[in-house]
Amino acid sequence: MKQQLETIEKKAREALAEVRESAELEALRVKFLGKKGELTAVLKKMGSLSPEERPQMGQLANQIRAHIEQEIETRKTELAAAALDMKLTAEAIDVTMPPKTVPIGHKHPMSIVLDEMKEIFIGMGYDVVDGPEVELESYNFTKLNTPAGHPARDRQDTFYTTEDDSVLLRTQTSPMQIRVMESRKPPIRIISPGRVYRKDEVDATHSPMFHQMEGLVIDKGITMADLKGALTQMVKLLYGEDSVVRFRPHHFPFTEPSCEVDVRCFKCCGEGEIEGHTCSTCHGEGWIEILGAGMVHPWVLEGCGIDPNEYSGFAFGCGVERMTMNRFAINDLRLIFENDTRFLEQF
Ligand code: DAH
């Protein structure tokens, strides 16, 4: 019996050493020490022992029970400590580790400039209006005093979408002048930015899709002085108080008189050359053209039901890419459309 008891202790110790989870401990306690356990089974046979042996075996059995119980307690503490250890390691925070940076996007240079231009004109009381990119030929050309046969309507330059050329991708934002004059009564003060399309090959200064911003002011007594005032103000707010503008006579079918507006070249400061070399930004001109403008042609006003004897107005249209390139000294239009983050991150 002594041997049996010792075998139980040995088996119990071995089993306990194997345990990896505290839940298994209770099962082993039942297996060895429980009412139907191995130790109890041996003790049940005590009756067959001699009176001398009985207390000895009883004592031994109690010792073994105490050992096993103690071992169970020890293992329980060990397993709990190991579990805590694992948890702490798994959840450890290395405060010296560099943080993961979340890349935050920002405005495209075109959006920066467009927002600045909107801000400037909103400040002068203009509304911002949106218009269709797929436009009727009549709005893009005829109502802008550009009749059939006019070279601006050339199929080589314009994306017509119907066989009869009545629908097209607008080649300018100027049709918005007509849409606004037909739908609003003067006084009118609007700007209308958006995409325009021309059959251009892509190079450093051309793209088949680009952006324009149209402006239109109609009221009683509007003169060329108002045009010059508004556009000079725009240039100074956008490019700085010390920038210099020049108004040059030009021709557009829908304005009379018409002009183009130049800013003095920011690169060569109007010199046309830098250290004996022709300035690459203005090509030696000393000036950079930024927009077309003029007094709205009386025929155009009349066509929209506005009496040219009562009202007058001015209009302008500028290239947003051109404005952006000047604003940030960008030398190639393609950079604006390529979306190379190495370029975009610089703004
Ligand atoms: N639409 C013209 C262009 O694309 C620019 C322009 C010139 C707009 C004169 C105007 C204007 O409103 O009055 O070249």
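How many aromatic pairs does the structure hold? The answer comes below, after a word on the model.

## About the model

This is a predicted model, so to speak of its local features a pLDDT of at least 70 is needed, side-chain atom pairs count only at pLDDT 80 or more, and totals for chains, interfaces and linings use all residues. Residues are numbered from 1 along each chain as its sequence is written, and side-chain values use heavy atoms, with hydrogens and water left out.

## Aromatic pairs

The structure holds 6 aromatic pairs; rings of Phe, Tyr and Trp (its six-membered ring) pair if their centres lie within 6.5 Å, and their planes count as stacked under 30 degrees apart, edge-to-face over 60 and tilted for the rest. One of them is the stacked pair of F121 and F316, with 5.3 Å centre to centre and 25° between the planes. F121 belongs to helix α5 (residues 109–123) and F316 to strand β11, so this pair ties together parts that are 195 residues apart in sequence. Helices (H or I, at least four residues) and strands (E, at least two) are DSSP runs, numbered from the N terminus.

F121 is buried at a relative accessible area of 0%, and F316 is buried at 1%. Here buried means under 20% relative accessible area, exposed over 50% and partly exposed in between (1.4 Å probe, protein chains only). F314 and F316 also pair: their ring centres are 6.5 Å apart and their planes stand at 25°, so the pair is stacked. F314 sits in strand β11 and is buried, with a relative accessible area of 2%. Together, F121, Y126, F314 and F316 make up one aromatic cluster. From C-alpha to C-alpha, F314 is 9.9 Å from A225, though 89 residues separate them in sequence.

## Around the ligand

F316 turns up again here: a polar backbone atom of F316 is 3.2 Å from an oxygen atom of the ligand. A nitrogen atom of the ligand lies 2.7 Å from an N or O atom in the side chain of Q172, and a polar side-chain atom of S174 is 2.9 Å from a ligand nitrogen atom. Taken alone, the ligand exposes 360 Å², and the protein buries 89% of that (areas by the Shrake-Rupley method with a 1.4 Å probe).

Which elements give two or more residues to the shell around the ligand? They are β5 (209–219), β10 (287–296) and β11 (312–319). In total, 15 residues surround the ligand, the closest being Q172, Q177, R198, Q212 and E214; a residue is near the ligand if one of its heavy atoms lies within 4 Å of it. The shell divides into 5 nonpolar, 8 polar and 2 charged residues.

## Cysteines and backbone details

The structure holds 0 disulfides (pairs of cysteine sulfur atoms within 2.5 Å). For C269, the nearest cysteine sulfur is that of C268, 6.9 Å away. C269 is partly exposed at 48% relative accessibility, whereas C304 is buried at 11%.

If you like to check backbone geometry, two cis peptide bonds are worth a look: P186 to P187, with omega near 0°, and E256 to P257, with omega near -5°. P187 is in the loop between α7 (175–183) and β4 (188–197), while P257 is in strand β7 (residues 255–264).

E275, in the loop between β8 (273–274) and β9 (277–278), has a positive phi near 50° without being a glycine, and E275 is exposed at 77% relative accessibility. H283, also not a glycine, has a positive phi of about 55°; H283 lies in the loop between β9 and β10 and is exposed at 61%.

Methods
Polar contact = N/O pair within 3.5 Å; in protein donor to acceptor, adjacent residues only side chain to side chain. Nonpolar A, V, L, I, M, F, W, Y, C, P; charged D, E, K, R; others polar.
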